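Welcome, and please open your viewer. We will go from one selection to the next, with a short note on what to look for at each stop.

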Amino acid sequence: MDLTLTVNGSERTVSIEPDETLLRVLRERLKLTGTKEGCSEGECGACTVLVDGRPVDSCIMPAPVVAGASVTTIEGLTGPDGSLSPVQQAFVDNFAVQCGFCTPGFVVTLTALLDENPMPTEQEVKTSLSGNLCRCTGYATIVAAVMAATGRGSA
Amino acid sequence: MTVVGRSVPRADAATKVRGEATYGVDFEVAGTLYGALALSTVPAGHIRSIDTSAAEAMPGVRGVFTAADAPDIRSGLAVNDQPLFASDVVRFEGEAIAAVVAETMAQARTAAAAVRVEIEEMEAIATVEEALAEGAPLIHDDWHTYSVRDGLPDFPRAGNVCGEMTVDQAGVDEAFENADVVVEDVFHIDRQYQAYLEPKNATGLYADGRYTVHVAHQQPWNVRDRTAAALGVRPSDVRIVGHHIGGGFGAKLDTALEPYAALLARLAGAPVKMVHDRTDDILTCASREGAVIRMRSGVTNDGRIVAREFLCDMDAGAYAGDTPFLTSIPIFVVGSLYRVGPTRIVSRAVYTNTAPTGAFRGVSGTYLYFALERHTDNLANAIGMDRREFRVQNLMSDGHVMLNGQALDDAGILTTAFDKAEQHVPWRELGKGPNRGVGMAAAVWLTNPMAGEVALQLHTDGRLGVVTGATENGSGAVAMGVRQVAAEELGITADEVVLTMPDTDMQGFDAGSQGSRTTHIVGRAVHNAAVGMRERIRTVAGQVLGQDPDDLEVAGGGVRIKGEDDVRMTLSDVARAALGAGGPIASTGSYATPAPKFDPEAATGLLFPIWPTPTYHVHVAEVEVDPVTGEVKVLRYIVVQEVGKAINPAGVMGQIVGGVAQGLGYALYEGLQIGPDARYRQRTLEAYRLPIALDMPEIEVVLLEHPAPEGPYGAKGVAEPPVVPVAAAIGNAIADATGGSIDRVPITPEDVLDALEQGSEERT
């Protein structure tokens, strides 16, 4: 079947199997490999993308469901001139990246959080991250990055 | 110093936040096919038949292969006991039986599930106790025919025991008789899954009689050697190319899918990519081993430890892996931290019908220190002495001789660490109030001594290329540590350093990101290489400038006359001039820590005999337990850690906080449990409970810096130790809060409720 959707601002039409996930469409059909697959069951959050502005686990999202929707991946958060988004820059400046495999999912999730709630408390940040696993950092620098991105915190 | 000691953002941060970094799972070449393994669904049995016909007939399938298609070889890290595919006996659930190559990953996985294997099931041995019971069936009934790995002396092994380390000092039994009180504890420890977020993967290619494997791996040179051994070819017939690593934590030090991907590429005549799904990854991963520990000490009423016995059985799983090496670790733990009298240790690696276990950050130390420090609390309590006072009274000091006969010249740093913890927050102020408790635990940990090499090249644009097989597993050891040392050595900014990915066909041999070694060892190799490079730069610049090279220095981004501030030639000018004056500027350097003296007679079966470049650590935890649910809340967590010198303070903090997080997971949430049927109970990341952001307390860190004379700018190992004492400190705090005994890892809510009940009974 053909699937038409908007990805990072461009309309794309791809031929897919009906049982494909959005993650497979992004990684294998569109070669957007910034979105990662960690668990394939919606547990780790590494595959998080925005669908019409809302964060979803693309590994368990059937692709046909997003027909006509607007999808934003980690690649779509960088500015047209290649500049980092505020959350991306805050991750760099606050040492919120170690192995980096979970990072795209965290950046996308937190971008959605700040769109909805521009000045979250630390507790609200942590709660918003309940669906994102990081095995490296212990989360402290990630939370610090968000606080810094909202003009609070050190870096 | 202008670069070392500063929190410079890591080299790979921007590419990672953009989603551009290519990890192993992202790497692909044109014409790639996909491979998947058919794994045994039973833990023990005899294979009666393997029927691949249904799988072969499935859409897109290019081939189905079994042991009949692979060389008839057994290999291993310590014992040559493991074939690529089971052909007659199956020894664990998850053991590979066949492999499928197909046009898509989904086709390969579907076909792998269609391989029909008829297995006559045998009773599976699920625990070390069952494996050691009299008359237990042998997991490997031909164990005596197995050789040990080339270059390794043979070591004690027999039946289901695949490695045994023994220390038996004179006078242990007599010393127990002279004790006022003897305390005995038994500890049961579950496995821990490394749970790196990038599942294991490999892409194999075969051309011109050589194998190339693209990996996200912590130790490319080991992958090369182990892949070659499994395939029966020479190591230089295999080339390993590294990519960004989505976490490893020790699990990506030994081979997993690499030999299969290489073999399948040759058999299928095309590149073959393999990626585990999460369940297969859990079923086959060499997790941190479980163990059973029996520990007994005699103390005097005035608080001296006069005798000790320590018996430890480690669960190696169905194949020995690295566990025979790990039986050595107790010798560095059981007689350290505190002075003890005559000591006996028997530490065994035991085969069971479960997935082979292996390296995880702080190998074995997490539970060995749990046992030692829980036991230390019990000793203090048994004679009615404050637990901190008992520790301080018995602390080892400078020159302390460990049970392997090695002297720790700087062991007095441990006293400083205890003092710093007390200055940060007094021990007696913590753990006050109902259901609250405080615990402390210390550790001495090593910096792995194994060799590393770098090649430095000065590019004609003036940037410094660092060619190394050292892997950036996420810790920052390369992206911060090695990079900043290299910049400092050449007087340039960190941005002017160009890092490469590992490639075993190129220079830069490296013993892997393990044992906190990379910044220390590879940083020192960079230092050694930079000496030669600076000399060459001064020689070339001296010719151009008409100056004596001895009057020149490499600093400020170029070459200066000593005592002057102006740069007379940029490094780019020098690099270009060199092309006509002897050739490009390049230099190599290598380093391995000289082995400290030890006593070879101190133990038998000691495969890992030394504990180089030690670091010292004290952790303090304050907890509150919920008397209704048994849940544990960590109120405060304090780390005092000796790091030698923090090359990048933010990077060091990242390692400490991340390490403590893994330790809290180990202590409270993460058990990878084996049922009586020898199968894992947890098979998904939903069932295997990892810490989330909401679980993490603030980690309060006090850094100690006692620079290592031999280290690059004094840096010692940093990344492993923070995970090591966490379960011990948390366990002691929970025992204090409940008044009961805590003797298992992980410590579940049921354990806490049991301890509360036990505590209330003891108080009445």
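Helices here are DSSP runs of H or I with at least four residues, strands are runs of E with at least two, and both are numbered from the N terminus. This is a predicted model, where local features need pLDDT of at least 70, side-chain atom pairs count only at pLDDT 80 or more, and totals for chains, interfaces and linings use all residues. Residues are numbered from 1 along each chain as its sequence is written, while chains are lettered from A and ligands numbered from 1 in the order in which they are written.

Start by selecting chain A and colouring by secondary structure. You will find five helices and five strands, in the order β-β-α-β-β-β-α-α-α-α along the sequence. The C-alpha trace of chain A spans about 50 × 30 × 25 Å along its principal axes.

Counting residues as in contact if their C-beta atoms, placed from the backbone, lie within 7 Å, 40 residues of chain A meet 43 residues of chain B. Now highlight α2 (86-93), α3 (103-116), α4 (122-128) and α5 (140-149) of chain A: each supplies at least two residues of the side that touches chain B. Of these, α2(A) gives the most, with four residues.

Leaving out residues up to four places away in sequence, B:Val526 touches B:Val454, B:Val466, B:Val482, B:Val485, B:Ala486, B:Glu489, B:Gly589 and B:Pro712.

Definitions and conventions:
Two residues are in contact if their C-beta atoms, placed from the backbone, lie within 7 Å.
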